[in-house]
Amino acid sequence: MTNVVIVESPAKASTINKYLGGGYTVLASYGHIRDLPAKDGSVRPDDDFSMKWEIDARSSKHIQAIEKAVRGADKLFLATDPDREGEAISWHVQEALNNRKLLDGVEVKRVVFNEITKGAIQDAFEHPRDLNIELVDAYLARRALDYLVGFTLSPVLWRKLPGSRSAGRVQSVALRLICEREAEIEIFKPQEYWSVDAMLTTPGGETFKASLTQLNGEKLKKLSLASEAEAQNAVNIINAASFAVGDIERKQARRNPAAPFTTSTLQQEASRKLYFGAKKTMQVAQKLYEGFNMDGETVGLITYMRTDGINIAGEAVNAARALIGRDYGAEYVPENPRVYKNKAKNAQEAHEAIRPTDMARRPRDVAAYLDDDQRKLYELIWKRTVASQMESAILDQVGVNIPAADNSVVLRATGSVVAFDGFFRVYREGRDDNGNGNGTDSAALSTQKGDDKDRILPPLVEGTALERASVDPEQHFTQPPPRYSEASLVKALEENGIGRPSTYASILSVLQDRNYVRLEKRQFIPENRGRVVTAFLSKFFPRYVEYDFTAELENELDEISAGKIDWKAVLREFWSPFFATTEDIKSRSNREIIDAIDDLLGPHFFPEREDGRSTRACPACADGRLGLKPSRQNGFFIGCSKYPECKYTRSLGIVTGDEDDAAAADNGPRELGTDPETGLMVSLRKGPFGPYVQLGDTPPKETGKKKSTAPKPKRASIPKHMEPASVDLGRALKLLSLPRDIGLQPETGDMIVAGLGRFGPYLKYQGNYFSLKDDDVLEIGLNRAVTVIAEAPKKEPAKELGTHPSDGKMVIQKSGRWGPFVQHGRIRATIPKDMDADSVTLEQAIEMIAAKAAKDGKPLPKGKAKAAKKAPAKKPRKKTAKKAVAKSDVTSAVADS
């Protein structure tokens, strides 16, 4: 009997093949083998939402291998991941084989397992089932929704908002969260307030701190003391009073451990404690799930990492309790196993929480098989799982009221002592510390309410007189709401029921890839482009970026997976009003759209000044009004309402009213000084892509000629982080000197170069580029440059294929954003997807480079021009505005699924 097993990844296939032994052929599908083509018409609402699926070139060779194996097989086992996406991959494989008439006489079964261990695999194959069509229907509904939103809404953005990229169903709501939080921060007005603390001394000479809580018979609130004068008045009253110990309150508090990890809580805690992004967390967890070769056997170390369940299997609970009793003592084992209840919206709880597959594998036992990131994440999962089954921590808490003799004021002192550490012995959950994006253990937060750190008071007896050692007022200001970190944004998405935890990593990546937001000091900050898109969607598509609407749609998708409602009924209910809204917005004038966005974003780009002067007043003319203007080349910019009489413009950014009026008056170049080496004038200028500095004058156009033969002056763009008004002659000369040699790398002797490119400042070393995010490209020195390169994610080094016969220069192979490519000089040729990149020869590379040069019209290396075949002439294609962008951008827009 021949059995064929299909899984997603080759690593998983290799492991399962070892567990199943002879009689089984295990193959990998390498993820989805089919997808909707990235073009309009792949989902057809007019044909009852029929879908057109396509097998791309990458998947063709994988499906061919599966087809070959299935011919003559008796059974086909679909063993992809145990979630909706895994069910969909299995369905696609079955459908593709059915379409080729290859499953006649073949028994098809679905097997699922939550961990890659020998026992779990063998048990799964003993209990196979049929495909779950309800889960497949839920996948189809989600895929169709995301596709329809992306391919319907994104073209509207391109037409109405120049420079915009894409809009996705869940991506747009996540962007709205970030933009609205930033708007709250911008309009926030800090309020001053004061607190007063006194250091008191007992008759035995021991001191402790007490805080003012009541003044003149009134209980103080946070903002009660609003000025230094009020605080000083309270200090005077305290200094004039005498104090004695009043009521003493003693109680015990219990701290219970957190539940084992779900996908969402793992991403949050890894962000707080390990500084991992959501994407990195899932990549490392995937490897831990697929397993490692340990003592001759490949073993998965954790259970499946895409889950919203918070309970673990009974045998895992028993194993954890046994380990706790053995390693920490019987007093750390609660009387009954802990059972957790999920509070998150839309929780499916179809799978276990994330846990180690074997509780006896302590982090130290597996450390030798793991790299540093894998070890850290495994340790985090192991500790959280063990702690979740441990006894509660018990704290003894003391509160003491200390009234003045005349009752004019009341001070209060509090203390806390950990009486029994319980699960604290192993693990404490992290917190988002005041929104700064830096996670921290609760033990480190010694000033927050409910803190678990020891704060011990000296022995106190009611009625004992106390002496004042000092009285200190302290000024404070209220703080704006914090920006979202990756951890807090993931938490907000989950709490609002927006999207699925398994999609959060891709959503956050898309927002950054589209330049809608940036991650700065581990906090999300919306870019101007992202704010414009959010304003547009909130104004003209309000229903579809509402949190409740998105959450309700997720509920309906869950009901589809439960078999309660028909998936096409959900699509019909969504599509009709959405399509009508889209058609309405298409019919509106661009002027109406721009004016509405200008009004919405006015408070952001043109904030009010304290002196009352309008920031919308044009600095170049008497009565012009500044506002947002569209540009096909560069998105939006700020311009004067009196155009074309007044040609004042500036790049999109916040206007303070303190801009350089002299430069604004003529909107022309500003002379900074003379270059001491050349004697040429250095000037600050403004171009279509932003401000730049220039050495020398721009040569005049020569009449009768298309292009001037005079050499162009040297120019350098002003980096985004640098205010043009701050650029003086010194900084301008430094910019013009880029790229500059920093120094030789001490170990290799290779030069490190700093420069400024189209994607911002960078370091160049050994042919590789490293982005500079927190360092000044003009000032960075050799030591810091070496550190930046060492800490950067490792890049695959260039592979030398050999020298080109025409000029002796090296032909190299590298990997880039769009995949592997070969390069000779400045000519790069992408390696076709159906070609094995690891086996490319020098001869093949030379052929690809020659073909690329011929296609682009670039000169070939001497000696090869004659050998290269002339590329056949192509008919000119009609320009289709934005079509080139559509494929990549809309594909990202629908990547929410």
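Predicted model: local features only at pLDDT ≥ 70, side-chain atom pairs only at ≥ 80, totals over all residues.

Tutor: Strands and helices here are DSSP runs numbered from the N terminus (E, at least two residues, for strands; H or I, at least four, for helices), and two strands pair if DSSP finds at least two bridges between them. Within this pairing, Thr-674 has Met-681 of β25 as its bridge partner. The pair belongs to an open sheet of 4 strands, arranged in the order β24-β25-β26-β27 with antiparallel pairing. The edges are taken by β24 (670–674) and β27 (714–717); each has a single partner strand, so one side of each lacks a neighbour in the sheet. From one strand to the next, the twist averages 25°, with angles taken between N-to-C directions, from 0 to 180 degrees, of axes fitted to C-alpha atoms (for helices, over the stretch in contact).

Packing follows from the sheet to a helix. Helix α20 (residues 729–736) lies across β24, β25, β26 (690–695) and β27, where contact means heavy atoms within 4.5 Å.

Residues are numbered from 1 along each chain as its sequence is written, and side-chain values use heavy atoms, leaving out hydrogens and water. Local features need pLDDT of at least 70 and side-chain atom pairs count only at pLDDT 80 or more, while totals for chains, interfaces and linings use all residues.
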